[in-house]
Amino acid sequence: MTPDETIQRVREAMAALSQGDIDAASALVHPDYTYTVRGQASISGVHQGWEAMAGVLRRILDMTNGTLTAVPEIVLADDDNVLMYMRVSGSRPDGRTYDSHQAYRYHLRDGLVIEGETIPVDQEAFKEFFA
């Protein structure tokens, strides 16, 4: 894949997720998928397989009533990797809010996302929001 195709594939997955369509995103994920959420938040850790990560995504949707949004500010790519620097914001029913930056790293194999990582810039705010 070209860098532009790699970016497009990741954007398709993120668009599906931003609409809460976790099942549509699964078509863009490799069977050996692993995702790491850095930090000490309740959703942090290494998630093996799409079903494990889909469970985390469902938790995020439930915790935020679907308010969490991510807007790319910088996107870099080569044939197999995408790095995105995004502004992420959302709210929780109890009044907690989150508005910070996160780095996202994705690795593709055979046109599918096989590995991903979320790296929150403000670890403490991320931890408190997802406590």
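Aspartate 4 is exposed because its relative accessibility is 62%, where exposed means over 50% relative accessible area, buried under 20% and partly exposed in between, with a 1.4 Å probe and protein chains only. Aspartate 4 is found in helix H1; helices are DSSP runs of H or I with at least four residues, strands are runs of E with at least two, and both are numbered from the N terminus. Between aspartate 4 and aspartate 23 there are 24 Å in space, C-alpha to C-alpha, and the two are 19 residues apart in sequence.

The model is predicted: local features need pLDDT of at least 70, side-chain atom pairs count only at pLDDT 80 or more, and totals for chains, interfaces and linings use all residues. Residues are numbered from 1 along each chain as its sequence is written, and side-chain values use heavy atoms, with hydrogens and water left out.

Helix H1 (3–18) also gives two or more residues to the lining of the largest pocket, as do helix H3 (50–64) and strand S5 (97–109), among others. A pocket is an open set of points on a 1 Å grid over the protein atoms alone, with protein on both sides within 12 Å along at least five of seven lines; a lining residue has an atom within 4 Å of a point. This pocket holds about 730 Å³ of space, a volume being the space filled by probe spheres set on the points, which are joined across faces, edges and corners. Its lining has 37 residues, and Met14, Leu17, Leu57, Tyr104 and Tyr106 lie nearest the centre. H3 gives the most, with 7 residues. By kind, the lining has 29 nonpolar residues, 7 polar and 1 charged; Ala, Val, Leu, Ile, Met, Phe, Trp, Tyr, Cys and Pro count as nonpolar, Asp, Glu, Lys and Arg as charged, and the others, Gly among them, as polar.

Tyrosine 104 counts as buried because its relative accessibility is 10%, and tyrosine 106 is buried at 8%. The two form a stacked aromatic pair, 6.4 Å centre to centre with 5 degrees between the planes. Rings of Phe, Tyr and Trp (its six-membered ring) pair if their centres lie within 6.5 Å; planes under 30 degrees apart are stacked, over 60 edge-to-face and the rest tilted. Tyr104 and Tyr106 belong to one aromatic cluster with Tyr33, Tyr35 and Trp50.

Strands S3 and S4 form a hairpin with 3 residues between them. They pair in the antiparallel sense over 8 bridges, pairing being at least two DSSP bridges between two strands.

Note on methods:
On a 1 Å grid over the protein atoms alone, a cavity is a set of points where a 1.4 Å probe fits but cannot get out, and a pocket is an open set with protein on both sides within 12 Å along at least five of seven lines; lining residues have an atom within 4 Å of a point.
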